[in-house]
Amino acid sequence: MVNRLNVIVLIIALLSVTTSHGQTKKEIMKKETTTNPLLCDIETGMCETTADTGQDTQVDAKLSENKKVKLVYFTDPICSSCWGIEPQLRKLKLEYGEHIEIEYRMGGLLPDWNYNSGGISSPKDVAGHWDEVSVHYDMPIDGDLWLEDPLDSSYPPSIAFKAAEMQSEEKAHLFMREMRELVFLKKKNIAKWEHMATAAKTVGLDVDQLKIDFEGKAKDLFQEDLKVARDYGVRGFPTVYVIDDVGNKDIVYGARPYAFYEMAILKVNQNIQKSEYSKKWEDLFEIYPTLTAKEFSELSGTPRADSEAVLNDLTAKGKLEVLTTKNGSMWKVVK
């Protein structure tokens, strides 16, 4: 285990060096993003909030009886940096799913447009930034959403997620993925009920019950999440607290390469062993019905330079179908 930890530490050290260089444009962006949550800082991988937060407190989340390590994941449905770590989270579930449980907490990235900070005064100012973030994270994001049908707030889809959790935690996670595909790739305003309902139906949620809970108890559950975020001192998204049942804790701030999340888990519990999983494309798509080229590369071990060609070849053979955006594509199995 010591050798394994040392290898991961070395990888993280190298990744830290490669992500810490560069000034000019990134440095300017960093100054802007410290005051505006929708301009995520590419350098830190963090979408920072403007609201005052509390101090970092002792995490007291309760684990289930099987003594799994818990990842408390503070996020938001329209957080572009959170979309950027989908490949890492999906791989964590495959390699460490038997030993971890992920608890989603909504953070309230965009309450409304009653502010003017960090160079952002209207939705159209976000469009170019999302296009740039898409290239940086190598995940398809179409910033034209903010020109065509912008969201007034990220609160409605956040509340809808809490309503989905009331039915099923597993389906709620699928619901979040569906909403993100709608907003990032299909340019759908997921603050509108019609699009939330579409996502809910796709993953098998009871849409009528979702509406009832969305208009009722889920609002209180969302406010509870906001309070938890303040209590934890969360300043932006994604933030992942990694904890065990006796109080051991590590934190990963912002979008980071896979090794950072793996290292955090092993720091909390060095006895956890990763699981092997099939890297065949059929098996990966059976688990995850949609994959981007970056996700397929991360999960299959295919070099990123080759992953898109592999997926395009499968598409040409009629095995997959592709959704193409101006900033990348996503594939799914042909039914």
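Reader: How are helix H8 and helix H9 oriented to each other?

Author: In this predicted model, the axes of H8 (residues 169-184) and H9 (residues 193-202) come within 9 Å and cross at roughly 135°. Angles of 65 to 115 degrees count as roughly perpendicular and those over 145 as roughly antiparallel. The two helices are therefore oblique.

Reader: Which residues make the contact of H8 with H9, and how do they divide by class?

Author: The crossing of these helices is right-handed. H8 brings Phe175, Glu178, Met179 and Leu182 to the contact, and H9 brings His195, Met196, Ala199, Ala200 and Thr202. By class, the residues are 6 nonpolar, 2 polar and 1 charged.

Reader: How many charged residues are in the contact of H14 with H15?

Author: H14 passes H15 in a right-handed crossing. The contact involves Ala293, Lys294, Phe296 and Ser297 of H14, together with Arg304, Ser307, Glu308, Val310 and Leu311 of H15. Of these residues, 4 are nonpolar and 2 polar, while the charged ones number 3.

Reader: What share of the residues in the protein is buried?

Author: The protein has 15 helices and 9 strands. Buried here means under 20% relative accessible area. Of the 335 residues, the buried share is 53%.

Terms used
Residues numbered from 1 in each chain as written. Predicted model: local features only at pLDDT ≥ 70, side-chain atom pairs only at ≥ 80, totals over all residues. Heavy atoms only, no water. Left-handed = near helix turned anticlockwise from the far one by under 90°. Helix = DSSP H or I, 4+ residues; strand = E, 2+ residues; numbered from the N terminus. Contact = heavy atoms within 4.5 Å. Nonpolar A, V, L, I, M, F, W, Y, C, P; charged D, E, K, R; others polar. Buried < 20%, exposed > 50% of the residue type's maximum accessible area, 1.4 Å probe, protein only. Axes fitted to C-alpha atoms, helices over the stretch in contact; angles between N-to-C directions. Parallel < 35°, antiparallel > 145°, perpendicular 65-115°, else oblique.
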